[in-house]
Amino acid sequence: MNTESHPSPDEGSTVQDATEQDRVRAETVRRLERSMGTIGTAAVARMEERLGWFRRMSAEDRSWIGLVAQSGVAAFVDWFRNPVRGRPAITVEVFGTAPRELTRSVSLQQTVDMIRVVIDVVEVQVEELAAPGGAQQLREAVLRYTREVAFSSAKVYARAAEARGAWDARLEALIVDALLHGDREEGLQTWGSALGWSHTPVIAVAGDAGEEGGTKVLDDIRAAARRLGHDVLAGRQGRRVVVVVGVGDRYAADELPVAAAEPLSGLFGPGPVVVGPAVPDLRAAGASARAAVNGLRAAVAWPDAPRPVLADDLLPERALRGDTDARRQLVEEVYVPLQGAGSPLLDTLSVYLEHASSLEATARMLFVHPNTVRYRLSRIGELTGRIPSDGRGSFVLRVAVALGRLAEHGED
């Protein structure tokens with residue numbers, strides 16, 4: 001019995017077709033190799049003709065883009081020669097020829113525009129480039145390859161954006177830390193410039209990160225501040241989030257810093273949100289940041305504080321907690337003006353506070369008419385900005401007078 005097998009007519013035809021396709025492909029490859037330089041040059045010329053942004057680029061960047069185009073054509077020819085290799089390694093073979101900084105000069109949309117131009121150049125020449133009978137084969141390969149280029153472009157830009165975002169976040173955290181610790185302030189303007197900082201005046205806001213984690217809070221605050229047209233730096237320290245905002249001319253001077261902080265305060269976690277004073281520029285932002293953080297630490301002593309609350313409204317709590325800046329500010333803003341106005345005001349305030357804010361009792365103790373006490377209390381309010389008959393105002397005045405007397409006797 002003869003057991004030798006022979007290919008069927010259909011199998012023989014298939015083998016013959018595959019052999020013919022390989023022959024056509026090999027001939028197309030030879031034609032492409034002879035035309036690679038021409039295709040790359042034609043693509044760059046078409047870019048200069050159709051893409052205005054390409055014409056405005058520096059000669060160096062245009063040359064790099066030309067190199068990317070040439071590499072793309074060469075990588076396509078190499079891949080087309082060996083289709084069994086599967087998906088082409090475009091990221092390395094094409095984009096690996098250009099410096100990473102090129103992604104800062106060319107946007108993703110512009111990259112898509114370039115890809116379209118190169119596709120148009122190749123498609124126009126398909127009939128000339130392909131071997132007889134190979135035009136459809138070449139068109140399908142070009143479409144598949146350009147799809148891979150598009151996907152790879154998106155990956156390149158996504159990775160670059162991720163890297164820049166991570167670098168920016170680390171730099172922001174570094175700046176916030178430097179502001180809080182008062183070191184390296186001579187480099188703050190340079191660091192701020194690296195992040196595109198340009199707006200002044202500047203305020204700092206401190207609050208809790210919340211249960212969801214500080215990353216979400218930081219991202220939400222950054223996005224909200226930028227929608228408002230502000231510059232923003234944000235950093236997390238444990239559960240605490242500190243945000244430094246360049247507000248520009250959006251608000252009048254008498255509205256700051258509360259007006260700028262209110263739209264952001266709801267994005268913090270639960271608990272107090274404290275706003276430092278407005279300062280003229282980023283170099284001076286350390287004072288605002290430290291006031292906000294010290295205020296946040298002391299805010300637990302004033303459960304009914306508004307949200308957001310000014311760090312300056314927490315001066316007595318900050319002073320009691322040991323904040324030397326707050327103690328100094330209370331003495332300078334309250335005690336020194338009263339002392340300069342003469343002993344009657346200080347004596348009247350002391351007696352008034354000791355006698356439960358009673359006009360009549362104060363008048364009897366000082367042997368003056370109640371209207372005189374009323375006038376002196378009004379003057380105290382004008383000089384210090386704190387009203388003695390107000391519960392909060394009397395507390396601030398009492399702490400300030402005590403600190404002032406300690407300072408007079410050499411006690412910090």
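A salt bridge is a side-chain nitrogen of Lys or Arg within 4 Å of a carboxyl oxygen of Asp or Glu. By that rule, the whole structure holds 15 salt bridges. This is a predicted model, in which local features need pLDDT of at least 70, side-chain atom pairs count only at pLDDT 80 or more, and totals for chains, interfaces and linings use all residues. Residues are numbered from 1 along each chain as its sequence is written, and side-chain values use heavy atoms, with hydrogens and water left out.

Helices (H or I, at least four residues) and strands (E, at least two) are DSSP runs, numbered from the N terminus. A residue is buried under 20% relative accessible area, exposed over 50%, and partly exposed in between (1.4 Å probe, protein chains only).

Start with the largest nonpolar core. A nonpolar core is a set of buried Ala, Val, Leu, Ile, Met, Phe, Trp, Tyr and Cys residues joined through side-chain atoms within 4.5 Å. The largest one has 30 residues. Leu32, Met47, Phe54, Phe76 and Leu138 have the most contacts inside this core. The largest share comes from α3, with eight residues.

Contact here means heavy atoms within 4.5 Å. Leaving out residues up to four places away in sequence, Phe76 touches Leu32, Leu138, Ala141, Val142 and Tyr145. Two of these partners, Leu32 and Leu138, are also among the residues with the most contacts inside the core.

Now turn to the salt bridges. One lies within a single helix. Asp219 and Arg222 meet through their side chains, at 3.3 Å from N to O. Both sit in helix α10 (residues 214–227), three residues apart, about one turn of the helix. Their surroundings differ in accessibility. Asp219 counts as partly exposed because its relative accessibility is 42%. Arg222 is at 11%, so this residue is buried.

Other pairs link separate parts of the sequence. Glu333 forms a salt bridge with Arg386, and their closest N and O atoms are 3.8 Å apart. Glu333 lies in helix α14 (residues 324–340), while Arg386 is in the loop between α17 and α18 (391–408), so this pair ties together parts that are 53 residues apart in sequence. Glu333 is partly exposed because its relative accessible area is 33%. Arg386 has 17% relative accessibility, so this residue counts as buried.

Glu354 and Arg398 form another bridge, with 3.5 Å between the closest N and O atoms. Glu354 belongs to helix α15 and Arg398 to helix α18, so the pair joins parts that are 44 residues apart in sequence. Glu354 counts as exposed because its relative accessibility is 58%. Arg398 is at 38%, so this residue is partly exposed. Salt bridges can also share partners. Glu27, Arg30 and Arg31 are joined into one network in this way.

Asn294 sits in helix α12 (residues 285–298). Its relative accessibility is 18%, so Asn294 counts as buried. A polar contact is a pair of N or O atoms within 3.5 Å; within protein, one must be able to donate a hydrogen and the other to accept it, and residues adjacent in sequence count only if both atoms are side-chain atoms. The side chains of Asn294 and Arg297 make such a contact at 3.1 Å. Beyond its neighbours within four places in sequence, Asn294 is in contact with Arg318 and Asp323.

Last, look at the backbone. Most residues other than glycine have a negative phi, and most peptide bonds are trans. What is the peptide bond from Thr200 to Pro201, cis or trans? That bond is cis, with omega near 0°. Pro201 is found in the loop between α9 (188–194) and β1 (202–208). The bond from Leu256 to Pro257 is cis as well, with omega near 0°. Pro257 is in the loop between β3 (240–246) and α11 (258–265).

Ser357 has a phi near 60°. This residue is placed in the loop between α15 (343–354) and α16 (359–366). Ser357 is partly exposed because its relative accessibility is 32%. Phe367 also has a phi near 60°, and lies in the loop between α16 and α17 (370–384). At 75% relative accessibility, Phe367 counts as exposed.
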